[in-house]
Amino acid sequence: MNLQQIVIFFNNIIIFYTLIILIFFCVIIIASSIYLSNHKKEDREFGVIIDDMSEKYIPVSILVPAYNEGEVIVDSVLSLSKLQYEKFEIILINDGSSDDTLERVLSYFDLKESKRLFKKSIKTQEIKVIYEGEVNGHLLIVVDKVNGGKSDALNVGINLSRYPLFIAMDADCVLKPDAIQKLVYPVLVDKRTIAVGGNIKISNNLVIENGEIISQKVPKGFLVIYQIIEYMRVFMISRVAWNQFRSNLIISGAFGLFRKDRVIEVGGYRTDTIGEDMELVIRLNLDQIEKKREYRIENQVDAYCFTQVPNKFKDFKNQRIRWHIGLIQSINFHRKAIFNPKYDRVGLLGIVYYTFFELFSAVIEVFGYVVILIALFMGLFNSTMYLFLFISIIIYSFNITLSALFLERYMTERSSNFLSSMKIVLLSLFEPFIYRQLCNYIRIYAMIRYKYYKNRWNKIKREKYNAD
Amino acid sequence: MSNIILFWYDLPFLIKTFVIVTIFCLYIILCIQIYSYLETLKLKRQVKKEQVARQKYVASINTLINAIIEGESCNQNSYQEMSELLIKNKYFEIVFIKEFVKSIKKYSDPTNNMSYVTRKKLIDYAKEINLYKIVLKLENTFGIYNTLALLSIIRDDNSLFFIEKNEENFRNSKNLYLGYYVMLGYARLGCLDKFKNLFDYILNQREISSDEMYLGLLKNFEGSVIEWQSESLVRGNLNHKIIAIQYFMQLGSNNFVSFSYDELDRLTSKKEYVDTEYVYFVYLIRYLEKCDNNYKEEQLVDKLNKNGKYVFVSILESLS
């Protein structure tokens, strides 16, 4: 085989790979639309219009691990305490913060030292002291512990929680008032459900007062807008489609609900990974399959959680490095499942997708660019082919964003600002060439520097909610 | 045109496949976008129609409801108009049902005799006009949970068949949300046997459920459940006992004080425990704190310490 044939061969591989991705995009849009259409019908029935018997819901423990969250922690706890849910407890775990996170909480809320008994179902780092109090009629427990990372903090919260379900969320998140109801609903409706993920929306430029969302402006800055596009596509289309495929491998660490008994069974969160959210969900999937149990892991599209995203490149890079390292670790820990029919759809579909279309996608794409360059130098550049590819990618990118917007409008029955929507849709035309390449660069960088970054959290700087 | 056809003919097979598949996929995506857009418009129109109907009729509906409550004879014309609209106008029906059951719910305090009398007048009127049939007709609009909730509020025995049908659906699907609304239907219709049956069925499964749910249902039962709960407390399994002791604690009934002390002795003399027994212990203590004026924690702590039951001492300390 000479070099010319090799280049032509790889050209065809690129077309084939791109075709697979485009077909997959189409399939997930179809799958998500079917799911959302059925869900919409249920949604109009749910949230009972007449009866307000809120006792029908199961009490939950909300676990909030906090490390250096002084700027936002009080607002966050106040916001949680006002949620429209009958019974829940808030467990705030101060993971050895070096700022005044603990002091702010202790000074704002009326808390006393507690002798709360709990079962150490999962091994954790040392707990220094536990405080207890009440905020807006709900129990608030504040745990001060030695720094051990987010996973360890969550495991402490699981040990301390007294309810059968727990929600793991980030300290900077603000929930929509009915978010917990929406998140618990799949568990009530189908007893096989062991975990439910929420819909993460971006909270930059959110105006919040006394823990309540007053208004939201369209943020400025390309980086944030592209992240809005990305989150919308992921949570309205991609994650929802995985519900249909029964192969959900990720529930966002910012807002997810779990059955406590199932998480304890698998040993809680792993502390030797920085992608603890995805790793736990994969482990839950594999464990249930090994034990031949019927189970469901869902993403609930209307359980809204607002979170801050980085608006500076350095923070964005750190976050995306962490995500990619987490992905590498999660796939590596469970590599036995790749193409393994023993693990059913998870092994043959979910984990394969995340390996080849998420983990290695940056490498494959960059390889593709190299092949194109070689083809160009060798005079083998097929302009027709690449023109079609180029146009298809732009049209697909545009359509996916447009579909996500339409589906969001359909689900929320709320019109968004026309100019904002136009801005988002037009910018999505350039997404494959600007934002995607930026993400590819960061992913490859993360892979190269894996050993350096594998244990680094690299926190992003938090801003107060009403910052412009 | 012929150039395009020639151009197409000359393209490699892979590119032709690529183009055809891409166009097909884009066509599907476009259909989905159009469908979701049209559905959004349709839903908005429905909401708007309901709002218009509400603005137009809510005043006259409330006048009718007040007349029923006051026991006045309604204006014959408005009664006629309402009856016709109930048959013909779907949005009027929705508004009527919502307003009507809202007023029934306002008079839901079982301890207040005036509330009971007023509620009975409204329920009798609902039976007279066969409101349950209109609710069932709108099942697709309201959805199954709302329909069950509405029927339970209207309290018409004729709707029992619908609740029974959904009990069967629940037993097949194990959808706890549905099971809850079926139980609520039985509770508000006062069907004790069916209610007990389903209550025990769900309670015994008890994988993921909430005590408040059961207590709320007991509170909503149209009739007395005291005898049944007394039986459950004395002879039931642990799950029954936990619910029953909380029920009597909420009632503030001190009939089971000595029984509770006996249960404490029995519990604390065991050698091994399951988690649920610790939960039961906590509720026994809470019951005694509320209903026994002579309860002294120190005496109980001394007794437990003497018997070496330190885990219960720790539980007591954490409670206080």
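## The sheet of chain A

In what order do the strands of the open sheet of chain A follow one another? The model, which is predicted, shows an open sheet of 10 strands in the order β3-β4-β5-β2-β1-β6-β11-β8-β12-β7 (chain A), and the pairing is mixed. At the edges stand β3 (111-113) and β7 (174-175) of chain A, each of which pairs on one side only. Strands of a sheet pair through backbone hydrogen bonds, in either a parallel or an antiparallel sense.

Is β12(A) mostly covered or mostly open? Of the 12 residues of β12(A), 11 are buried, and the strand is thus described as mostly covered. A residue counts as buried if 20 or more other C-beta atoms lie within 10 Å of its own.

The pairing of β12(A) with β8(A) is parallel and comprises 8 bridges. A:Thr193 has A:Arg296 of β12(A) as its bridge partner. With β7(A), by contrast, β12(A) runs antiparallel, and 2 bridges join these strands. Here A:Val174 has A:Phe306 of β12(A) as its bridge partner.

## Chain A as a whole

Chain A contains 15 helices and 12 strands. The radius of gyration of chain A is 23 Å, close to the 23 Å that the globule rule gives for 468 residues, so chain A is as compact as a globular protein of that length. The C-alpha trace of chain A spans about 75 × 45 × 45 Å along its principal axes.

Of the 468 residues of chain A, 46% count as buried. Among the contacts in chain A with a separation of 6 or more, 82% are between residues 24 or more positions apart.

## Chain B as a whole

Chain B has 18 helices and 0 strands. Why is chain B described as more spread out than a compact globule? The radius of gyration of chain B is 30 Å, which is well over the 20 Å that the globule rule gives for 320 residues, and chain B is therefore more spread out than a compact globule. Taken along the principal axes, the C-alpha atoms of chain B fill a box of roughly 105 × 75 × 35 Å.

Of the 320 residues of chain B, 30% count as buried. Residues 24 or more positions apart make up 61% of the contacts in chain B with a separation of 6 or more.

## Where the chains meet

Between the two chains, 47 residues of chain A are in contact with 46 residues of chain B. On the side of chain A that touches chain B, the elements that give two or more residues are α1 (3-45), α5 (179-189) and α12 (383-412) of chain A. Of these, α12(A) gives the most, with 12 residues. By class, this side of chain A has 27 nonpolar, 6 polar and 14 charged residues.

## Annotated transmembrane regions

An unreviewed UniProt entry annotates residues 6-36, 351-380 and 386-407 of chain A as "transmembrane region". In the model, residues 6-36 of chain A are 100% helix and 0% strand, with the end C-alpha atoms 44 Å apart. Residues 351-380 of chain A are 87% helix and 0% strand, and their end C-alpha atoms are 36 Å apart.

For chain B, UniProt places the feature "transmembrane region" (unreviewed entry) at residues 13-38. Over residues 13-38, chain B is 100% helix and 0% strand, and the end C-alpha atoms are 38 Å apart.

## Residues with positive phi

Most residues other than glycine have a negative phi. A:Arg246, in the loop between α6 (222-245) and β11 of chain A, has a positive phi near 55°. A:Arg246 is partly exposed, with 16 other C-beta atoms within 10 Å.

In chain B, B:Lys174 likewise has a positive phi, near 60°. B:Lys174 lies in the loop between α9 (160-173) and α10 (176-189) of chain B, and B:Lys174 is partly exposed, with 15 other C-beta atoms within 10 Å.

Notes:
Residues are numbered from 1 along each chain as its sequence is written. Chains are lettered from A and ligands numbered from 1 in the order in which they are written. This is a predicted model: local features need pLDDT of at least 70, side-chain atom pairs count only at pLDDT 80 or more; totals for chains, interfaces and linings use all residues. Two residues are in contact if their C-beta atoms, placed from the backbone, lie within 7 Å. Helices (H or I, at least four residues) and strands (E, at least two) are DSSP runs, numbered from the N terminus. Ala, Val, Leu, Ile, Met, Phe, Trp, Tyr, Cys and Pro count as nonpolar, Asp, Glu, Lys and Arg as charged, and the others, Gly among them, as polar. The radius of gyration is taken over C-alpha atoms; the globule rule is 2.2 Å times the number of residues to the power 0.38. UniProt positions are given in the numbering used here, feature names are shortened, and annotations may be inferred rather than shown by experiment. Two strands pair if DSSP finds at least two bridges between them.
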